[in-house]
Amino acid sequence: MDLNTALRELRLLDYLRLLWGDAPWVEPVLDLISIITVSTFCLLIVIFLIWLERKVIARMQDRIGPNRVGGKFGLLQTVADVLKLLTKEAITPVGADWVAYNLAPFLIVMTALLMWAVMPFAPTWIGVDLNIAVFYVLSISSVSVVCLLLAGWGSNNKYALLGAFRAVAQLVSYEVPMVLSLIVPIILARSMSLIGISEAQVLPFALLVPVSAVIFYISALAETGRTPFDLLEAESEIVAGFHVEYGGMKFGMFFLAEFISTLFMSSLFATIYLGGYRFVLGELFNPNYTTGNLAGILIFFIKTFLVYFVFIWIRATFPRIRIDQMLNFNWKFLVPWTLVLVLVVALLDRLVADSGWTVRTLAHLSSNIVIALIALGFARRRAAREKLFEEEFGVAEEIARPMILGSDGHDDHEHDHETHGQPAPAHD
Amino acid sequence: MLADWQYIGIFLAISPIFPAAPVLLQWLLGPKKPNSIKNSAYECGIETVGDTWIQFKVQYYIYALIFVVFDVEAVFLFPIAAAYGQLSLFAIGATALFIILLADGLAYAWAKGALEWI
Amino acid sequence: MQILFIIISAITLVSAVLVVSVRNLFHAALYMMLSFLGVAALYALLESGFMAATQLLVYIGAISILVIFAIMMTRRLMQTTESPFNSQWGMSGFVSASLFVLIGAIVLQVYPLDPAVAGGAPPAEELVTNTVNQLGVAFTSADQLVLPFELASVLLLVALVGSIIIARPDVEAEVEDES
């Protein structure tokens, strides 16, 4: 392999490996090159992602969006914002827990970056093809929950602590349907490695198990704290939640981590449910078609950004939901139906395992549609019942239920417990 | 195999650099004029009353507990899902029993009203 | 490798000692996470990626969160400045030490230090090939681990039910207490 083919096939690391031989320092250095490339890419693409988000939401809301800094399209707007953040004073609030306060922004960026280690950008473009890649991603992302708790605790601020607790309740709740829905593609692919899952998708898994894909997408929305699940930083209620006491670049780190992990979730969705770097249409019409690195990386990013665009679209469309709605939706709708889905897919795939791709696809697709219809039917009946309750008693059921249970009203009660703790003022 | 973990180890070791660089840059570039009002905790302009680190409601704990149970369940399910190709029908039945037992727990929590946010 | 092992073990042990000696409960929880992380690193060093990820997911991502929530629920425990030692520390120290000796003896019995005597320890090549799949098969084979596997699920169910029974009355009592 000479330099020319290496460049054309985007296999520079393999070329360097051949060039340098197998001295003990070669592998660590190659690892270092690939780590720095991936991390720098993540940090830089965020600048573009923020601009994209502002521009797209602006267009959806019939505004122009950034249009002054950096030419007609405001391309340098985010760069200017970063420069502004850089010239801010670094403030540590009085009474803050120094270690926790300063550790949190570091740790959250580290976890957001570490997840990329297993992402296959193209057939040979992958940091490390772990055989437990999906599990690795989940375990790293579960560590980011700790960061929010650190930030909320370390700030010595009631809003921050309240926001952190909400955030943790939300993140741990939605981790359950996310984890369970990811079991479905693993069953279909019989592998936990992301390369293995990509290679197993003759047809994208989103066509086989759309319900699993939708559940994963919803929990990815909640896990990254995006609208309609952005109540962990609800400005109107708890100012900015867990990062209210952060300023300058430390605040910027939380922002950065949020965008990196949103992009990661998009690319994970693209890899697991849309075939990742594989060009399915090409493979269907030409059995000998193989994806090269250049085509692979293009296809990967097209898919990723399509998924990412839907994230932005949802943000521009949906209002924020309440915390009890958020938790009820998770525990009383998503989790039970995800369990049902896992059971059905596990049983069904054994029955159709030996009968070609068409039969398998049709069987899974039809069972998924049935599950979706039944689930939606239950949800509608529930909504109708709640509407009836509201018409009869003039108050929504979820507000009335705590009263019936014997506590004093929803909001006051929550307030007593969370912001004052001990001795609550006699107010009623 | 160990080469894989070497990659992740190196990644873990150098990943603090990426958040550290901008924070350090800000520390160098930004002004440093702290005063007591600027450094006080933010609470809509009024003085903070009482201690921040107070008692929270038990509801958070219950959600966390149910989460732990399902997390451990997932840990059991992942290797089984990965080995799906080598499983017999008996194995799938055993797994189904496992899932149904835990779904029972969820149903119990639901019936007892432990999932209500009050 | 050896140096890495010594460093990681040192971090794990020191943070484990700090967990029980630090006065601030939240810091104790943080040290506990650090010690868990050290154990995860040891698993990774043993090329057992699944165990390392499990350690992260369950112990740091779930158990630690649960512990912190538990700390947050304890009234005024945060302001405590009393010594972490109470009258029973000698007794509990003795119990832990004897437990350590017992576990150490069992481990030495199964995996003797002298490799020539080792009957139990299988060669390394057998261990590393796709352990995750083997684990999955073992969980569900009738002649292997299927009984412990189902018992684990019963245990989890009992834990869930028990904790709900214990935690629920508190809510009602507190409601009356506060209002």
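Chain C and chain B bury about 4,400 Å² between them, with 78% of it from carbon and sulfur atoms. Buried area here is the accessible area (1.4 Å probe) that two parts lose on being put together, summed over both. The model is predicted: local features need pLDDT of at least 70, side-chain atom pairs count only at pLDDT 80 or more, and totals for chains, interfaces and linings use all residues. Residues are numbered from 1 along each chain as its sequence is written, and side-chain values use heavy atoms, without hydrogens and water.

**Chain C with chain B**

- Contact (heavy atoms within 4.5 Å) involves 46 residues of chain C and 48 residues of chain B.
- The interface of chain C and chain B has zero salt bridges, a salt bridge being a side-chain nitrogen of Lys or Arg within 4 Å of a carboxyl oxygen of Asp or Glu.
- On the chain C side, helix H2 (25–45), helix H3 (49–73), helix H6 (131–140) and helix H7 (146–178) each give two or more residues.
- Helices are DSSP runs (H or I, at least four residues), numbered from the N terminus.
- H7(C) gives the most to this side, with 17 residues.
- By class, the chain C side holds 31 nonpolar, ten polar and five charged residues.
- Ala, Val, Leu, Ile, Met, Phe, Trp, Tyr, Cys and Pro count as nonpolar, Asp, Glu, Lys and Arg as charged, and the others, Gly among them, as polar.

**Chain A with chain B**

- The buried area between chain A and chain B is about 7,500 Å², and carbon and sulfur atoms give 75% of it.
- The chain A side that touches chain B has 55 nonpolar, 21 polar and 19 charged residues.
- Chain A brings 95 residues to the contact, and chain B brings 71.
- Salt bridges between chain A and chain B number zero.

**Salt bridges**

- Over all chains, the count is six salt bridges.
- A:Arg54 pairs with A:Asp81 in a salt bridge, with the closest N and O atoms 2.8 Å apart.
- This pair links distant parts of the chain, 27 residues apart: A:Arg54 lies in helix H3 (residues 26–60) and A:Asp81 in helix H4 (residues 77–86) of chain A.

**A residue in chain C**

- C:Ile103 sits in helix H4 (residues 89–110) of chain C.

Terms used:
Chains lettered and ligands numbered in written order.
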